[in-house]
Amino acid sequence: MMQTLRYVVFRDLLLAMRRRADVATTLFFFVIVASLFPLGVGPDPKLLRVMAPGILWVGALLASMLSLGRLFAEDYADGSLEQLVLAPEPLALVVIGKVVAHWLVSGLPLVLISPVIALQFDLPREAIVTLLLALLLGTPLLSLIGAIGAALTVGVRGGGVLISLLVLPLYVPVLIFGAGAVDASAMGMDASGHLSILGALLLLGMVLAPWATAAALRISLE
Amino acid sequence: MKLNWFKYASPVTFYPLAGKLIPWFALAAAILTVAGLYLSFFVAPTDFQQGESYRIIFIHVPAAWMSMFIYIVMAGWAAAGLIFNTRLSSMMASALAPTGALFTFIALWTGALWGKPTWGAWWVWDARLTSELILLFLYMGFLALHAAIDDPRRADRASAVLALVGVVNVPIIYFSVKWWNTLHQGASVSMTMAPKMAATMLLGMLVMALACWMYSIAAALARVRCIILEREQQAEWIANLGEPI
């Protein structure tokens, strides 16, 4: 079982490494979106400090959503997705592997670059640490939820726009608690409550989402 | 006596049944609406705090109730369609979705109309308003996904999965929005009604809620009949209906 998981993760990572530009695109999208806000609302540091948690999280949401198209679409196009579905290993396991790879490629870089952007917004140090932790808990959840949407829209025309309509409302709790954690610690309050809920949601997502994704994939491929 | 639960699970038997039921539900909806509107405009007293503008709750509250309830019923039908693989269950789910979205929209719109004179703002980021708005997005997602897939059976099943995922998420979204709201701003506006509501007000609201129920059932049945006709075009029994389509 672990072998299957490892195989799927390595395969997807290898594919991603062959197309490094795609990975960089997601990352730069995040950076650009975050840099657009000061240009839009003005350079007042006080205002930016208040808005920073929300901006960073919305940026992460959008960046993670943009990269969802790659999760299944290419495998569907070249037929390997069908082989994965036909394989004797449980499909939910394959899905977990693909989600892990997706997170490593599109979520983890966001987490790593976020402190730099947080500095641009002049967030205090404790808030930056919280931001790192919250993104670390939240971005895998984004990949898990997004996988359901990606599986539902495999091979559907206009899938790219449709996926945002399906997935963004489901991202709302992640946004609220993720931005809430950073907000709380920027105001000098304890953020552990928010982080605990994010962790709980992540566990719930890890149990339910691969299963729902597998069901959606079977429907999309029949 | 053995009950055959699945007798009406087939479009062939359900189509005429729905046709027979629609006039009754529509009639009940019409009578209850007239009664409810009479109660709400002529019998219910004027609210001493909000004046006449409070009367919008007679449509607002039933619409909000229906919007949430229809989502759950829709997800229930969608689940039945997935589990039992019955065509009609999925058709019911897709027939309910537009009505649910309509009620969500009515709830939001009337809420805005009520909010302007009462709170002085068309929109506040209150927990209930926000979660109702997200509910509208969920309905839109369901409808959009169903419309995007050409094969109706596949569309049924894909949107059923989405509806079920949504049902798991609705409570999470509701509570997260609620906590978010209480964390961000104090209770500057409170949606809670005055604790002592006049009995006639409550009665008017309940009658209107029943009217909305009857309307929803009638509308969903009428829509499901259209869906049946559309999807079973080639079926022999439709040719034998002899009805002008």
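Predicted model: local features only at pLDDT ≥ 70, side-chain atom pairs only at ≥ 80, totals over all residues.
**Entry 1: helix H4 of chain A**

Helices here are DSSP runs (H or I) of at least four residues, numbered from the N terminus. I need that for the end of H4(A), where the helix is followed by Gly79(A), with a positive phi near 90 degrees.

**Entry 2: chain A as a whole**

I counted elements and found nine helices and zero strands in chain A. From the N terminus on, the order reads α-α-α-α-α-α-α-α-α.

Along the principal axes, the C-alpha atoms of chain A fill a box of roughly 55 × 30 × 30 Å. Buried residues come to 50% of the 222 in the chain. I also looked at contact separation in chain A: of the contacts with a separation of 6 or more, 80% are between residues 24 or more positions apart.

**Entry 3: H2 against H3 in chain A**

I have the crossing of H2(A) past H3(A) down as right-handed.

Who meets whom? From H2(A) I wrote down Thr26(A), Phe29(A), Phe30(A), Val33(A), Ala34(A), Phe37(A), Pro38(A) and Val41(A). On the H3(A) side I noted several residues, including Leu47(A), Met51(A), Ile55(A), Gly59(A) and Leu66(A). By type, the residues of this contact split into 16 nonpolar, two polar and no charged.

**Entry 4: chain B as a whole**

Over to chain B, where I find seven helices and zero strands. Along the sequence the pattern is α-α-α-α-α-α-α. Of the 245 residues in chain B, 39% count as buried. For contacts in chain B between residues at least 6 apart in sequence, 79% join residues at least 24 apart.

**Entry 5: H2 against H3 in chain B**

How do H2(B) and H3(B) run relative to each other, parallel or antiparallel? H2(B) spans residues 57–84 and H3(B) spans residues 87–119; they pack at about 160 degrees, with axes 7 Å apart. Angles over 145 degrees count as roughly antiparallel, so that is what I call H2(B) and H3(B).

The crossing of H2(B) past H3(B) is left-handed. For the make-up of this contact I noted 20 nonpolar residues, ten polar and no charged.

I picked out two residues here. Phi of Asp122(A) is positive, near 60 degrees, and the residue is not a glycine. Asp122(A) sits in the loop between H6 and H7 of chain A.

The other is Asn85(B), also not a glycine, with a positive phi near 55 degrees. I find Asn85(B) in the loop between H2 and H3 of chain B.

Buried or exposed? Asn85(B) has 12 C-beta neighbours inside 10 Å, so it counts as exposed.

**Entry 6: Tyr38 of chain B**

I placed Tyr38(B) in H1(B), which covers residues 11–43. It has 13 other C-beta atoms within 10 Å, so it goes down as partly exposed. I also took a distance: the C-alpha atoms of Tyr38(B) and Ala121(B) are 29 Å apart, for two residues separated by 83 positions along the chain.

**Entry 7: where chain B touches chain A**

I get 23 residues of chain B in contact with 22 residues of chain A. On the chain B side, the elements giving two or more residues are H4(B) (127–148) and H5(B) (152–184). Which of the elements gives the most? H5(B) does, with 14 residues. By type, I logged the chain B side as 18 nonpolar, three polar and two charged residues.

Key
Residues numbered from 1 in each chain as written. Chains lettered and ligands numbered in written order. Contact = placed C-beta atoms within 7 Å. Nonpolar A, V, L, I, M, F, W, Y, C, P; charged D, E, K, R; others polar. Left-handed = near helix turned anticlockwise from the far one by under 90°. Axes fitted to C-alpha atoms, helices over the stretch in contact; angles between N-to-C directions. Parallel < 35°, antiparallel > 145°, perpendicular 65-115°, else oblique. Buried ≥ 20, exposed ≤ 12 C-beta atoms within 10 Å, placed from the backbone.
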